[in-house]
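Please read the points below alongside the sequence and the coordinates.

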Amino acid sequence: MLIRRLALVLVLIASPLYALDRSQVADSPENVTPLLNGQQIPDITLKTAQGEAVNLRELVASKPTVILFYRGGWCPYCNAQLAGFQPVEKQFTALGYQILAVSPDSPERLNEQKFDTDYQVKLLSDPNLEAIRAFGLAFYLPDDVAAKYREWKGNTFPTLPGSDRIVLPVPAAYVLDKDGMIQFQYVNPNYKVRVDPQLMYYAAKLAIKS
């Protein structure tokens, strides 16, 4: 009887973990539930700047990957982060990595983001918030902040079908192996604080050795 009760307690304790639904949009950036080290990336489809559909797992299977989630090309902190990876990009490619950058921006808006021709980061569009939600990074922007954003940029921000609430990703960075396993992740609810590219490089280097 004691063993049965203990088993029941363990099931009750463990059940919230299994019930965790990362596709749900959090009410604040502090309450997102991102994918963690040792977990597998989801099977999702994104779009290139040319509007072509690409499968994330197939992309990752071709070579180890650094993937960055950013809020959009309208965000100065995101643009600074992407620019910060440019000087160290060759260090990643020397290890055999590719760098993917995912945002809710449409393919058309991705084309408006200009990089030097030798910058090989691949910009990917997640217009339906599929990847952002599957990685557990999506949150609703507070209504008062959303009103200011729309006054600033108009209706250029992502929403879910049937809702006018703005959904954004918490900026995040992941190191993935070719099996789609997360080897390192950095997620910070403060959108002004981004991971140092050199830290990502060291994490990527260690992941290759492991």
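Predicted model: local features only at pLDDT ≥ 70, side-chain atom pairs only at ≥ 80, totals over all residues.

1. Residues are numbered from 1 along each chain as its sequence is written, and side-chain values use heavy atoms, with hydrogens and water left out.

2. On a 1 Å grid over the protein atoms alone, a cavity is a set of points where a 1.4 Å probe fits but cannot get out, a pocket is an open set with protein on both sides within 12 Å along at least five of seven lines, and lining residues have an atom within 4 Å of a point. The count comes to one cavity of 30 Å³ or more, and the largest cavity has a volume of about 40 Å³, a volume being the space filled by probe spheres set on the points, which are joined across faces, edges and corners.

3. The lining of the largest cavity consists of Q81, P171, A172, A173, Y186, N188, V193, R194 and V195; by class, these residues are six nonpolar, two polar and one charged.

4. The second largest pocket, with a volume of about 160 Å³, is lined by G73, W74, D105, R109, E112, Q113, K153 and T156, which divide into one nonpolar, three polar and four charged residues. Here Ala, Val, Leu, Ile, Met, Phe, Trp, Tyr, Cys and Pro count as nonpolar, Asp, Glu, Lys and Arg as charged, and the others, Gly among them, as polar.

5. D143 is exposed, with a relative accessible area of 55% (exposed means over 50%, with a 1.4 Å probe and protein chains only). Between D143 and I166 the C-alpha to C-alpha separation is 8.2 Å, at 23 residues apart in sequence.

Key: Buried < 20%, exposed > 50% of the residue type's maximum accessible area, 1.4 Å probe, protein only.
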